[in-house]
Amino acid sequence: MMRTTTSSSSSSSTLTVTVVDVLLLLALLGAAAPSSVKGSPQCSNQANSGEIRPHSVAITEFGAVGDGVTLNTKAFQNAVFYLNSFTRKGGAKLFVPAGRWLTGSFRLISHLTLWLDKDAVILGSTKSDDWPIVEPLPSYGRGRELAGGRHRSLIYGCNLTDIIITGDNGTIDGQGSIWWDWFHSKTLNYTRPHLLELINSTGVVISNLTFLNSPFWTIHPVYCSHVTIQNLTILAPLKSPNTDGIDPDSSDNVCIEDCYISTGDDLISIKSGWDEYGISYGRPSRNIIIHRITGKTETSAGIAIGSEMSGGVSEVHVEDLHFFGSKTGIRIKTSPGRGGYVRNIYVSNMNLDGVGIALRFTSQYGEHPDEFYDPNALPNVERITFKDIIGENIKTAGLLEGLEGENFLNICLSNITLNVTSKSPWKCSSVQGYSDLVSPEPCAPLKENLSPRHYSDCYSLSDDIWISSSNQNRGARWLSW
């Protein structure tokens, strides 16, 4: 399902994902989708991706040519400039019809719907000059990969309200292989661009699209509120570097639902700034709901928190996951110098197949922006609940490494059954918590029986009705969450 293309850089060939691959994948998913997709509760107060705008134009009205060769950056910029006059008149819609629309980076505006036809493909330019250099984010202090600025994302917006990016499963393809080659050959001068980045925006909907081959992280809402991301397919080659799927960053009230993601890094990674810059900026990620995610990553985690979490991450509810052929199921990444906190995390109803490590905490991740970070700024990790997890062909059930002298506290495991191939299924240090109905038997710091008196310690279990005890059969369940 991959196509090989030749590059002039040091890598002789790079795998890229094509639209044909997507069509084949979608046909396969009809049979492979997990049963939990149907009937699960939706996020409340969803924005309407089908909202009718009173004004609409097509990109062709501004001279765009959809031949995959003509550069259409000016057409996109001119269209958005024209539609800006309608922001106070109910907003506007920019329609991208069938075709292959090559472009450099372009900016969005408030009260805009960017709508892609099912046969529309927006292609990112393979020339770095078409992706302008912008200032680093204040919560990072520098580019994530290199000191200094960073390339602006292909589709970009800042300080926006009421922005909808949707369509009839049209495609946005970053053509990232050239960027991956530059990364591997160490010839980049600035940090690689995202495919879509929205900054300090509210009322965001991203839905019913396919994102391919991002140069770096694919979708990056940062300093945003009230973000809904639904019904996406996000693909990049499994060996492509740092091609995270969706990275909510210092953002709140975020809903991510019904997505298939297969990339070269974390499928979803919740972040909130980097070391002293994230601590100073002080904007957490919180109130995040993730439902019904299916995917694969051979190098990273299905759901990650961090490693950039210095502004704090809390109140995260994750349910109905299916990860296969992946390195890790759930991972919390942090390090001395990060500061901040990860707390009040709830993960439930996860199905794993062929996964290396089901649950992982990493407390010595490293990677600091500069020498000015404070090594005594230690992260606080507590009240993490894992519930209703099954797994087949799992190498390691848990690799849970807290900080020495700064235990990760109130880690609660309930109703977990993993078919593990390792003779040492759990490896734990500097963690404390409780468990019940867990197989294989957890490590000593988590063996204390989880009972009603621990409700206040275990996040999101306080309203459950305890109907089992440690000597009851494996069919016991929590009720009424």
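Is glutamate 298 buried, exposed or partly exposed? At 33% relative accessibility, glutamate 298 is classed as partly exposed. The model is predicted. This briefing covers its salt bridges and its cavities.

**Salt bridges**

- Side chains of opposite charge can pair when their charged atoms come close.
- The whole structure contains 17 salt bridges.
- One of them joins arginine 53 to aspartate 162, with the closest N and O atoms 2.7 Å apart.
- Arginine 53 sits in the loop between α1 and β3 and aspartate 162 in strand β13, so this pair ties together parts 109 residues apart in sequence. Both residues, arginine 53 and aspartate 162, are buried.
- Lysine 239 pairs with glutamate 298, and their closest N and O atoms are 3.5 Å apart. Lysine 239 belongs to the loop between β18 and β19 and glutamate 298 to the loop between β21 and β22, so the link spans 59 residues in sequence. Lysine 239 is exposed, at 62% relative accessible area.
- Glutamate 257 and arginine 292 form another salt bridge, the closest N and O atoms being 3.4 Å apart. Glutamate 257 is in strand β19 and arginine 292 in strand β21, so parts 35 residues apart in sequence are tied together. Glutamate 257 and arginine 292 are buried.
- A network of salt bridges links Arg144, Lys271, Glu308 and Glu367.

**Cavities**

- There are two cavities of 30 Å³ or more.
- The largest cavity has a volume of about 100 Å³. Its lining includes Arg144, Trp217 and His220, and by class holds four nonpolar, three polar and four charged residues.
- The second largest cavity has a volume of about 60 Å³. Its lining has 12 nonpolar residues, no polar residues and one charged residue.

Technical notes. Residues are numbered from 1 along each chain as its sequence is written. This is a predicted model: local features need pLDDT of at least 70, side-chain atom pairs count only at pLDDT 80 or more; totals for chains, interfaces and linings use all residues. Side-chain values use heavy atoms; hydrogens and water are left out. On a 1 Å grid over the protein atoms alone, a cavity is a set of points where a 1.4 Å probe fits but cannot get out, and a pocket is an open set with protein on both sides within 12 Å along at least five of seven lines; lining residues have an atom within 4 Å of a point. Grid points are joined across faces, edges and corners, and a volume is the space filled by probe spheres set on the points. Ala, Val, Leu, Ile, Met, Phe, Trp, Tyr, Cys and Pro count as nonpolar, Asp, Glu, Lys and Arg as charged, and the others, Gly among them, as polar. A salt bridge is a side-chain nitrogen of Lys or Arg within 4 Å of a carboxyl oxygen of Asp or Glu. Helices (H or I, at least four residues) and strands (E, at least two) are DSSP runs, numbered from the N terminus. Buried means under 20% relative accessible area, exposed over 50%, partly exposed in between (1.4 Å probe, protein chains only).
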